[in-house]
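Welcome to my notebook. I opened a new structure today and jotted down what I looked up.

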Amino acid sequence: WGKAIDYIGLSLGFSIFIGTVILVGSLLPFLVDGLPPNNVFITILAGISVVLIGILFNGKAGLTREADQITQSEEDAKGKSMTTGISIAVIGGLLATGFSYANAAGRPIIHEACQAAGNAEWVTAVVVMFVIYMAGALFVIPYFIFQLSKKGLWSKFNSAHLLSNIGLTSVMGILNFAASAAFAYAAFQLGQSGNTVGYAIFNTVCVAVAIISGIVTGEWKNASNKASKYLYIGLAAMIIGVVIIASGNGMSA
């Protein structure tokens with residue numbers, strides 16, 4: 001995702017990556033849990049489709065805003081890397097859906113072990129996410145050690161802001177893990193299609209909150225009316241999509 005943003009910018013990189021994550025990641029659990037009744041399945045797919053339309057409008061809003069600010073030379077340089085950036089974003093999104101599959105496939109076994117040990121239901125969600133995050137760390141930590149060493153960036157940590165940066169990133173990490181554990185628990189509580197419904201809602205709300213945060217902090221105050229219109233349409237579509245997805249899940253209750 002980070003590599004894709006370097007090539008094609010935050011707005012398009014974010015939209016393609018999250019769009020791929022929501023589309024593929026929401027459908028992967030069906031391979032583990034099986035398909036729900038047709039009316040439920042069709043309604044959930046319809047909701048996911050509406051969410052994806054919203055993601056596309058979000059990307060269009062970002063591209064429109066960037067086009068209003070970018071110079072011709074920057075545009076030419078950006079065009080050369082567009083194909084590479086889009087490819088990286090799609091591949092990154094596909095790989096990121098392993099998070100969804102891991103939760104769907106690993107949860108039953110871990111849940112059985114947790115229950116045998118006499119733990120509460122929510123403990124399973126924490127343990128599942130602990131395994132997923134630790135597995136990710138096995139790849140992420142060596143990669144960044146390599147990059148920091150290769151580029152000679154270790155000295156950059158010698159900063160007056162080191163302690164505050166460590167504190168803030170630690171808080172961010174705790175909140176991120178708590179959010180993921182909450183998703184895992186919610187997916188269980190949502191029933192048969194919970195992994196799909198939960199994953200779609202989880203990622204869609206993440207995008208919606210990011211958009212609303214951008215509006216509140218003034219990120220879009222200088223955007224053109226056209227860009228703002230695309231943004232609001234995208235946000236509305238994502239909210240409607242979530243409602244449809246939740247309605248579909250309610251049919252199986």
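**Ground rules.** I am working with a predicted model, in which local features need pLDDT of at least 70, side-chain atom pairs count only at pLDDT 80 or more, and totals for chains, interfaces and linings use all residues. I number residues from 1 along each chain as its sequence is written, and side-chain values use heavy atoms, with hydrogens and water left out.

**Aromatic pairs.** How many aromatic pairs does a search of the whole structure find? I got ten. Rings of Phe, Tyr and Trp (its six-membered ring) pair if their centres lie within 6.5 Å; planes under 30 degrees apart are stacked, over 60 edge-to-face, and the rest tilted.

I looked at Trp1 and Phe17 and found them stacked, because their planes are at 5 degrees, with the centres 4.7 Å apart. Trp1 is in the segment before α1 (2–8) and Phe17 is in helix α2 (residues 10–27), so this pair ties together parts that are 16 residues apart in sequence. Helices here are DSSP runs (H or I, at least four residues), numbered from the N terminus.

Buried or exposed? I used relative accessible area: under 20% is buried, over 50% exposed, and in between partly exposed (1.4 Å probe, protein chains only). Phe17 is buried at 10%, while Trp1 is partly exposed at 38%.

Next I checked Tyr143 and Phe144, an edge-to-face pair with 5.2 Å between centres and 75 degrees between planes. Tyr143 is partly exposed at 35%, and Phe144 is partly exposed at 46%.

I also noted one aromatic cluster, formed by Phe99, Phe183, Tyr199 and Phe202.

**A charge over a ring.** I found the charged end of Arg65 over the ring of Trp220, 4.3 Å from its centre. For this, NZ of Lys or CZ of Arg must be within 6 Å of the ring centre and within 35 degrees of the ring normal.

**Two helices.** I followed α2 to helix α9 (residues 194–216): their axes come within 8 Å and cross at roughly 165 degrees. Axes are lines fitted to C-alpha atoms over the stretch in contact, with angles from 0 to 180 degrees between N-to-C directions. I call α2 roughly antiparallel to α9, a term for angles over 145 degrees. Among the residues in contact (heavy atoms within 4.5 Å), I list Phe14 and Ile18 in α2, and Tyr199 and Val207 in α9.

**One leucine.** I placed Leu138 in helix α7 (residues 121–150), where Leu138 is exposed at 64%.

Terms used. Angles under 35 degrees count as roughly parallel, over 145 as roughly antiparallel, 65 to 115 as roughly perpendicular and the rest as oblique.
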